[in-house]
Amino acid sequence: MLQRIWSTLCSLKLAIILASIATLLAMGGSLIMHFNPEVFGNLDATTLSGWSRSLGKEHPGLSSWFYATGILIILLAINTACCFIDWLTVIKARWRKTGEYLIHLGFVLVVIAYFWGSLAGSRSERNRVGEGEMIPVKGMPGYYLRLDKFEPLLNERGRPIDMINTVSLLEGDKVVKRGIVKTNTPLLHDGLVVTPASFGRLTIGFELLLPSLGKGYRLTTGDAIPFADGKRLVADAFFPDAVRRNGRVFNRSDNVGQPAYLLRLLDNDETVWSGWYFLGRPQPEALQGLGFNPVVRRPVYRTVSYLTINRDPGSGVALVGGIFISLGVLFALFSFYYKRSRGDRPEIE
Amino acid sequence: MLIFAALPRFGSILIKMMESPAFQSVILKFAFAGYIGATGLYLAHAVGRKPLWLKAAFRIFLIAFGLQTLCLALRWYSAGFLPVTNLFSTQFFFSWALALTYLYFEIRYRIHATGLFVVFLTLLLLGSALPRDPALPPLIPSLDTPLFTWHIIFSFTGYALFAMAFSLGVLYLVQKKLQSDLLPPLATLRKLNEEAIFLGFCLFTLCLILGSIWAHIAWGYYFSWNIKSVWSSIVWLFYAGMCHAKFIRRWQGTGYAWLSIAGFFVVLFTYLGIGLLMQSNHPLE
Ligand code: HEM
């Protein structure tokens, strides 16, 4: 009985049947996928497990082929693994098949790696980070990514062709890895892969002209404007598109809509007032008489980088699988021609 | 002495001249004409059986292939990368891969007119590429990696071998009906078909592995769920299945021939159908 089960698991016919059904299902499924981008369009931006828990679950009719194909691939991998183990038991007599069986082992590893990455990995796209800023790494609690430096690379016509991000990966306060992230050059660390996606600029304040002082000032978060009698106005925050709701101020978007500053008035280093000032609107009472009558000259921008931060704990195993398959292909090619040169023909079953 | 001093200068002038688009256009036209001439002679030999025609056909094919290879090398040298990023370049490269496949089978097995379907495809691709703009496009940084270069080389050589398997499959079925002495015996056709499938599978496997590594470092994942990648996996699974089907007696010969034909349609859909019928977000679409 056990022997029968084992030989079924090792059977070549089973492999062909599983592979054929999986192929047909994937053919049909790819069309379902293509014509339902609202369900399948975002698959690269999430892990399979994340997708299954959200969109996959909401559309059982459309996603059933997907799960069925996945199950068939797993069965095929089990079949291949058994076939490989079976070969191991007779390796002394059949060592010449090493190439073929490296391909089989590699396939099993790639399937394991892919499902492992899909279950235990994480994906996050378009993580916005400015120079000097730090963001937490999704899927790796306690880890942060800091953008130390950003430089767009432009071609002769001034069009951006690459993004040079110098980044540091920190575990708590400790830098565990530092490197350049640009096209085809990711930061890799323990299954983590950071790649550049795009870059843009954010309005972080304005250059203001103060006619009463006869001077212009750049006012972004942290900047201050000095007035007479030891008074100073410090910008503690800036929102490019602010709105006041229930007494609190929120930022609606990164586009310039209704800009506002959170200002603090200091009198000889002592805070005498703090509050929001919406540019263009009447001034708060506390600021009247100070001579703060700004005219907007131009916005101040900061370049930000958008990074893809994915974690796939299985990627190392997948690479090993890929290397096994490649080596297997080279060995199998060699042995194929060796067999041919001896006139062997496949006449099994 | 003076001659030796002048040699490097002469060399650089020669390379400059060969790099000019006008020169390349002329040799490409010669290559095209050579392929047509060789095809005609192969066909004539298949019917008339004159050894001289065969010899001439092979020589002319070799010269035409040499010219196309020279043109490819010059374009690669001028660009600094394998130019396969626009329609002219992909057609040009695929036609070269098909010609190479034919040459391999011709030199190894003397298949003569048996492999001409692949040469027809070469002619079709090269012929439709010739009127197009051969200008070398600038390389975008994400394609500037040897992973991409080898991904493309293995993909087109793999496809070319699948095309060869298709034509051998068709001829197997024809020969089974006709039993003609114009075609090689069934056993030879079967053997060649199996070899084309196995070689094609090996090259296509390397293409997918390099492509996956490239995707991982460029986008942060090694498998993308766009329709082109899904169909590439389907092609791979299909031909992996075929590598096994030859071990099952019932599938040997006729069944295998039909599978080779079906497989080529899967390849055609992956290479052409998706681009023509659907929008894909594969980086090369
Ligand atoms: C998708 C998974 C698989 C891939 C990619 C794969 C690939 C290959 C390749 C390329 C060959 C060499 C064929 C040739 O010599 O022309 C081969 C041979 C073989 N495969 Fe697989 N295979 C897979 C799954 C399986 C499974 C599940 C089994 C188990 C039943 C199996 C059993 C065999 C056997 C018995 C051979 C013949 C080795 C010999 O004696 O020459 N394969 N496979």
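Across the interface of chain B and chain A, 10 residue pairs are in polar contact, with both residues of each pair at pLDDT 80 or more. The pLDDT values apply here because this is a predicted model. How many salt bridges does the rule find across the interface of chain B and chain A? The number is 0.

Three helices of chain B, namely H4 (87–109), H7 (186–219) and H8 (227–245), each supply at least two residues of the side that touches chain A. H7(B) gives the largest share of that side, with 16 residues. Sorted by class, the side of chain B that touches chain A holds 30 nonpolar, 11 polar and 8 charged residues.

In terms of contacts, 49 residues of chain B meet 53 residues of chain A. About 4500 Å² is buried between the two chains, and carbon and sulfur atoms give 68% of this area. Which three residues supply more than any other three of the area that chain B buries against chain A? They are B:Tyr222, B:Trp225 and B:Phe247, which together supply 17%.

The ligand is the next topic. The ligand lies between chains A and B. There are 24 residues around the ligand, and those that come nearest are A:Cys83, A:Arg94, A:His104, B:His244 and B:Lys246.

| Residue | Ligand atom | Distance |
|---|---|---|
| A:Lys97 | oxygen | 2.9 Å |
| A:His104 | nitrogen | 2.6 Å |
| B:His244 | nitrogen | 2.6 Å |

Elements of both chains give two or more residues to the shell around the ligand: helices H2 (12–35), H5 (60–89) and H6 (98–120) of chain A, together with H7 and H8 of chain B. Which element gives the largest share of this shell? H6(A) does, with 5 residues. By class, the shell around the ligand consists of 14 nonpolar, 5 polar and 5 charged residues.

The last topic is the division of chain A. Chain A is divided into domain 1 (2–89), domain 2 (123–201 + 304–311) and domain 3 (212–292). Taken over C-alpha atoms, the centres of domain 2 and domain 3 of chain A are separated by 32 Å.

Terms used. Residues numbered from 1 in each chain as written. Chains lettered and ligands numbered in written order. Predicted model: local features only at pLDDT ≥ 70, side-chain atom pairs only at ≥ 80, totals over all residues. Heavy atoms only, no water. Contact = heavy atoms within 4.5 Å. Buried area = accessible area lost by both parts, 1.4 Å probe. Salt bridge = Lys/Arg side-chain N within 4 Å of Asp/Glu carboxyl O. Polar contact = N/O pair within 3.5 Å; in protein donor to acceptor, adjacent residues only side chain to side chain. Helix = DSSP H or I, 4+ residues; strand = E, 2+ residues; numbered from the N terminus. Nonpolar A, V, L, I, M, F, W, Y, C, P; charged D, E, K, R; others polar. Domains from an automatic or database assignment. Near = heavy atom within 4 Å.
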